[in-house]
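This report describes how selected parts of one protein model are arranged. The structure is shown first, and the description follows.

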Amino acid sequence: MSYGNDGGTWRNEAWRNDGGVPPHAFDPMMQPDLFRGVLTRRVFAFLIDLFVLSVPVILAVIFIVFGLVTLGLGWALFWLVSPASIVWAIVYYGASIGGQHSATIGMRMMDLELRTWYGARGYFVLGATHAVLFWVTISFLSPLVLLIGLLNGRRRLLHDIILGTVIINSSVRTPVAPAARTSY
């Protein structure tokens with residue numbers, strides 16, 4: 001028992017063996033629908049996001065290639081394409097995962113969202129770090145990174161485990177409200 005700061009009352013504090021850390025917010029045994037089909041949806045979301053990322057880069061390259069308009073001075077901008085592509089990808093993932101939906105455009109199209117292990121929404125730094133760590137792990141482990149997702153109940157990939165994030169089906173977590181009826 002310890003003396004509390006709530007007006008002089010005694011309270012009983014039990015021994016905690018978990019270090020005061022709350023459990024995972026999403027349990028695959030209790031909520032299996034949150035994780036059903038997540039890996040397949042993530043692959044398609046990645047392809048959609050890859051398209052979204054590549055369109056502005058391709059348009060910039062086309063603009064530079066047609067440097068005849070700038071009398072060839074635009075070709076000097078080719079060295080900016082690679083760094084600008086990296087910055088664009090980091091800003092895209094950071095802003096979209098750190099945004100209101102906690103998901104990229106591809107993830108939203110596939111009804112997925114990123115959450116921290118304790119259930120909080122993503123934020124800009126987490127989204128940017130998630131993207132960088134994803135690209136690093138995919139560079140070294142290529143398709144093997146998906147095997148890690150098959151071996152755990154939350155369908156987390158290596159970079160999810162390292163960052164403490166989880167991707168869930170947002171349509172299961174937030175059911176869509178039925179359409180409103182109008183009476184005439």
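## Salt bridges

A salt bridge is a side-chain nitrogen of Lys or Arg within 4 Å of a carboxyl oxygen of Asp or Glu. Side chains of opposite charge can pair when their charged atoms come close. A search of the whole structure finds 3 salt bridges.

The model is predicted: local features need pLDDT of at least 70, side-chain atom pairs count only at pLDDT 80 or more, and totals for chains, interfaces and linings use all residues. Residues are numbered from 1 along each chain as its sequence is written, and side-chain values use heavy atoms, with hydrogens and water left out.

## A link between H6 and H1

Asp 160 belongs to helix H6 (residues 158–163) and Arg 42 to helix H1, so the pair ties together parts that are 118 residues apart in sequence. Helices here are DSSP runs (H or I, at least four residues), numbered from the N terminus. Both Asp 160 and Arg 42 are buried; buried means under 20% relative accessible area, exposed over 50%, and partly exposed in between (1.4 Å probe, protein chains only).

## A network around Glu 113

Glu 113, Arg 115 and Arg 121 are linked in a network of salt bridges. The side chains of Glu 113 and Arg 115 meet at 2.9 Å, N to O, while the closest N and O atoms of Arg 121 and Glu 113 are 4.0 Å apart.

Glu 113 has a relative accessible area of 4% and is therefore buried. Arg 115 is also buried, whereas Arg 121, at 39% relative accessibility, counts as partly exposed.

Definitions and conventions. Helices (H or I, at least four residues) and strands (E, at least two) are DSSP runs, numbered from the N terminus.
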